Amino acid sequence: MKSSAEWVSLLAMPGDQRAQQLYHRLGYRYGGPYKAGPHDPVLDLLLLRTDTQSSAG
């Protein structure tokens, strides 16, 4: 089964510098704050662009 996803998202707790450095080394980039609902904590939205060129065809 082929995937057409262009982005992979990850929600992370803000403030964990070691985790943020790891995600950055893996290719994730900060997308902004994310809050699912009015009573939920604010998380960091991290995005990783997938390589759709190699999976096409």
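Predicted model: local features only at pLDDT ≥ 70, side-chain atom pairs only at ≥ 80, totals over all residues.
**Entry 1: Glu6 and the salt bridge**

Glu6 is partly exposed, with a relative accessible area of 42%. I then checked what the Glu6 side chain meets, and found a salt bridge with the side chain of Arg49, at 3.9 Å from N to O. The cut-off for a salt bridge is 4 Å, so the pair qualifies at 3.9 Å. I searched the whole structure for salt bridges and got one. Arg49 lies in strand S3 and Glu6 in the segment before strand S1 (7–12), so the pair ties together parts that are 43 residues apart in sequence.

**Entry 2: overall layout**

I listed the secondary structure next and counted two helices and three strands. Along the sequence the pattern reads β-α-β-β-α. The three strands form an open sheet, ordered S1-S3-S2, with antiparallel pairing. S1 and strand S2 (29–34) are the edge strands, and each of them pairs on one side only. From one strand to the next, the twist averages 30 degrees. For the antiparallel pair S1 and S3, I noted six bridges.

I also took two totals for the protein. Of its 57 residues, 16% are buried. Among contacts with a separation of 6 or more, 51% are between residues 24 or more positions apart.

**Entry 3: Asp44**

Which strand holds Asp44? I found Asp44 in strand S3, which covers residues 43–49. Ala12 has Asp44 as its bridge partner in S3.

Asp44 is buried yet has no salt bridge. I looked for the nearest side chain of opposite charge and got Arg29, 13 Å away.

What does the side chain of Asp44 make a polar contact with? I found the side chain of Gln20, at 2.9 Å. I then listed the contacts of Asp44, leaving aside its neighbours within four places in sequence. The list holds Leu10, Leu11, Ala12, Met13, Pro14, Gln20, Tyr30 and Gly32.

**Entry 4: Gln20**

Gln20 is in helix H1, residues 17–25. Is Gln20 buried or exposed? I read a relative accessible area of 19% for Gln20, and the limit for buried is under 20%, so Gln20 counts as buried.

**Entry 5: Leu26**

Leu26 is exposed, with a relative accessible area of 53%. The limit for exposed is over 50%, so 53% places Leu26 in that class. I took one C-alpha to C-alpha distance from Leu26, to Leu48, and it came to 8.5 Å. In sequence, Leu26 and Leu48 are 22 residues apart.

How values were computed: Residues numbered from 1 in each chain as written. Heavy atoms only, no water. Helix = DSSP H or I, 4+ residues; strand = E, 2+ residues; numbered from the N terminus. Buried < 20%, exposed > 50% of the residue type's maximum accessible area, 1.4 Å probe, protein only. Lys, Arg positive; Asp, Glu negative; His and termini not counted. Polar contact = N/O pair within 3.5 Å; in protein donor to acceptor, adjacent residues only side chain to side chain. Contact = heavy atoms within 4.5 Å. Pairing = 2+ DSSP bridges. Axes fitted to C-alpha atoms, helices over the stretch in contact; angles between N-to-C directions.
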